[in-house]
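User: I have a structure open and want to learn how to read its features. Can you take me through it?

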Amino acid sequence: MKLPWKSHPQLFHHQAHLEGVLGTSLEIQTVATDSDSGPKAVQAALEVIDSLESIFSVYRPDSEFMVWQRTRGEEISVSNHLAVVLDTAEKFRRLSGNAFCPVADSLAKAWQEDKEVPEMEVENPLWSVDVDRGIAIRHTSLPATLNAIAKGYIVDQAAIALSSSPGIQEALINIGGDLKHVGKKGIEVAIADPSLDAENTPPIAKVKIANEAVTTSGGYRRGFGKDGKRYSHIFNALQGRPSEVASSATAIAPSAMESDIISTIINVLPVEEALSFADSMNNIAVFIVSHDETRGSNSLWSSHICQ
Amino acid sequence: MKKINQPSDISRRGLLKSIGAFSLTLPASSVLANLLAKAPKWDSKLELAIQLDIATQKEVRVHRPYIAVWIEDKDGKPVRTISLWVQTTRRGPKWIPDLRRWYRGEQDRVKANGGDLVATTSSATREAGHYTIVWDGKNDKGAYVDQGEYFVCIEAAREHGTYQLIREKAKFANKAFLQKFAGNVEISGASIELRKRS
């Protein structure tokens, strides 16, 4: 029997919603031992987001990534952040056989303009990176984006800023659907139904995560029309055309960088291949809803489901 | 004479009364019949999609205002609270009264149905500031409302900012339509669409 010798310390829940962060919405929640810690942690996270945006943004011509993209074939000194993301991107491109492809937007542009879509050889690296020396050499002539990886990386770094801020016990950061939780208790995450676009419609699944990240990708909110048909904004570099496999693909991973990349990969691969790709890695739970509404998930996903 | 007149007066009054009562029963019953005939229930194949855009500026991040979306009947009585976004911090409840109209309606609603918590939306969307909320045509007790005229209310309040209310009349029958609402400094634009349930 527990005797109330020691009263539990009061905990303070803080929540912030912002619009216009990395072009989308930001949600931060914290549980802290005092009332000032939450707002301070949010401030720390926003500072991290701002500094990383100046590295990765493709909308800013002066971002470190865009400046680096104007070079080719030379050893260029880059920040550790950029080196890690470029290195991880190239590793996953190779591992997924181009299902994850940082130049996919360039291919998509050619496809949309009815031009010939450049063929991608898995063996040809887009770039080479030496993370320890902080050097990256760009080989490809095609403009790249870090869309399906940089946001996840920023989410991870912002989550570190939150959890290492004084007094924080639990934290969640969600940038436009890419989210990461830090803490012991965990959090329930609802997965939006791709066929229902509203905020208050029932989710297709609910999962519980702790110290994990979740990313859902799919063409249901962003896409484009061409010749009277609607297409996903996710481009399948394997087939040289927009992805037509999944309408929604969700990945749970230890980091948001991984969940971000993997949700894109499983959006492009046929469902069976996507599931075995996820199972070939450690700690990756996936849930896929294909366009014909069939659903697929691996066993690790089942262990996350909550009622 | 008086003796004769009196009963006659009384009986005349009695007659007038009974005629009055009779004549009243006719329109009363026909009004009732009309009401029953003219107010079919909400078409369950339809839903109302309410879209709103929170005013954002390029490359500037803004805190989301506190927002309440609800439906009132033609007399201004709250029928259904659809969505409510407030900060759930220690300071939150203090600011809920900022959503003045919602708060007033909530007091009525609490009295009427025992005061269950209303559903809230906390998920983020991919497009900055753009939100869609659907109303299934049911009231707070879960029953379909009658077809007819209602007010769609979207209220926004900021802690150290402004208070804004969009309150627009709309007629819901069994025909799909799209109606745009003028925006304000907090909600740059909003629209409603009666559409097939997705």
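Analyst: We go from the overall fold to aromatic pairs and then to backbone angles.
This is a predicted model: local features need pLDDT of at least 70, side-chain atom pairs count only at pLDDT 80 or more, and totals for chains, interfaces and linings use all residues. Residues are numbered from 1 along each chain as its sequence is written, chains are lettered from A and ligands numbered from 1 in the order in which they are written, and side-chain values use heavy atoms, without hydrogens and water.

User: How many helices and strands does chain A have?
Analyst: Helices (H or I, at least four residues) and strands (E, at least two) are DSSP runs, numbered from the N terminus. Chain A has 8 helices and 17 strands.

User: What share of the residues in chain A is buried?
Analyst: Buried means under 20% relative accessible area, exposed over 50%, and partly exposed in between (1.4 Å probe, protein chains only). In chain A, 56% of the 307 residues are buried.

User: How do I read an aromatic pair?
Analyst: A pair of aromatic rings is described by the distance of the centres and the angle of the planes. Rings of Phe, Tyr and Trp (its six-membered ring) pair if their centres lie within 6.5 Å; planes under 30 degrees apart are stacked, over 60 edge-to-face, the rest tilted. The whole structure holds 10 aromatic pairs over all chains. Take F56(A) and Y153(A): the ring centres are 5.8 Å apart and the planes at 75°, so this pair is edge-to-face. F56(A) lies in helix α1 (residues 37–56) and Y153(A) in helix α5 (residues 147–163) of chain A, so the pair ties together parts 97 residues apart in sequence. Both F56(A) and Y153(A) are buried.

User: Which kind of pair do F172(B) and F177(B) form?
Analyst: A stacked one, 6.1 Å centre to centre with 20° between the planes. F172(B) is buried at 1% relative accessible area, whereas F177(B) is partly exposed at 22%.

User: What about phi angles?
Analyst: Most residues other than glycine have a negative phi. N211(A) has a positive phi, near 55°. N211(A) sits in the loop between β9 (205–209) and β10 (213–217) of chain A.

User: Where does N283(A) lie?
Analyst: In the loop between α7 (271–279) and β16 (285–290) of chain A. The phi of N283(A) is also positive, about 60°.
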